[in-house]
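Please examine the model shown here. The paragraphs that follow lead from individual positions to the packing of helices.

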Amino acid sequence: MIVTVNQMELQNLRHLIGSHANAEKKLRFYAQQCQDAQIKQMFEQGAQSAVNTRNKLMSFLT
């Protein structure tokens, strides 16, 4: 199935993908700084969620 997106939708996808990439980097950085294992795990899970969402959004571009 071929789905077409208009320019505005493409811009929005690019923005969302970039935002999730940035969130992943920040969350991984925060996880590295943590001493508390539970908080570290929370940040790592958030980073993985950002990766998963970014990959899902990128799948709309292929």
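Predicted model: local features only at pLDDT ≥ 70, side-chain atom pairs only at ≥ 80, totals over all residues.

Q7 is exposed, its relative accessible area being 59%, where exposed denotes over 50%, buried under 20% and partly exposed the range in between, computed with a 1.4 Å probe on protein chains only. Q7 belongs to helix α1; helices here are DSSP runs of H or I with at least four residues, strands are runs of E with at least two, and both are numbered from the N terminus. From M8 to F29, 21 residues away in sequence, the C-alpha distance is 32 Å.

Residues are numbered from 1 along each chain as its sequence is written, and side-chain values use heavy atoms, with hydrogens and water left out.

The next topic is the packing of the two helices. Helix α1 covers residues 7–33 and helix α2 residues 37–59; they pack at an angle of about 160 degrees, and their axes are 8 Å apart. The axes are lines fitted to C-alpha atoms, for helices over the stretch in contact, and the angles run from 0 to 180 degrees between N-to-C directions. Helix α1 is therefore roughly antiparallel to α2, a description that applies to angles over 145 degrees, while those under 35 count as roughly parallel, 65 to 115 as roughly perpendicular and the rest as oblique.

Which residues of α1 and α2 make the contact? On α1 they include L13, L16, I17, H20 and A21, together with E24, L27 and R28; on α2 they include F43, A47, A50, V51, R54 and L57. Contact here means heavy atoms within 4.5 Å. The residues of this contact divide into 14 nonpolar, 5 polar and 5 charged. In this division Ala, Val, Leu, Ile, Met, Phe, Trp, Tyr, Cys and Pro are nonpolar, Asp, Glu, Lys and Arg are charged, and the others, Gly among them, are polar.

E24, in helix α1, is buried at 15% relative accessibility, and R54, in helix α2, is buried with a relative accessible area of 17%. The side chains of E24 and R54 form a polar contact at 2.8 Å; such a contact is a pair of N or O atoms within 3.5 Å, of which, within protein, one must be able to donate a hydrogen and the other to accept it, and residues adjacent in sequence count only if both atoms are side-chain atoms. Apart from residues within four places in sequence, E24 is in contact with A47, A50, V51 and R54. With residues up to four places away likewise set aside, R54 touches I17, H20, A21 and E24.

Two further positions belong to helix α2. Q41 lies in this helix and is partly exposed at 44% relative accessibility. Q41 and A31 are 10 residues apart in sequence, and their C-alpha atoms are 7.3 Å apart. Q48, also found in helix α2, is partly exposed with a relative accessible area of 36%. Between the C-alpha atoms of Q48 and D36, 12 residues apart along the chain, the separation is 18 Å.
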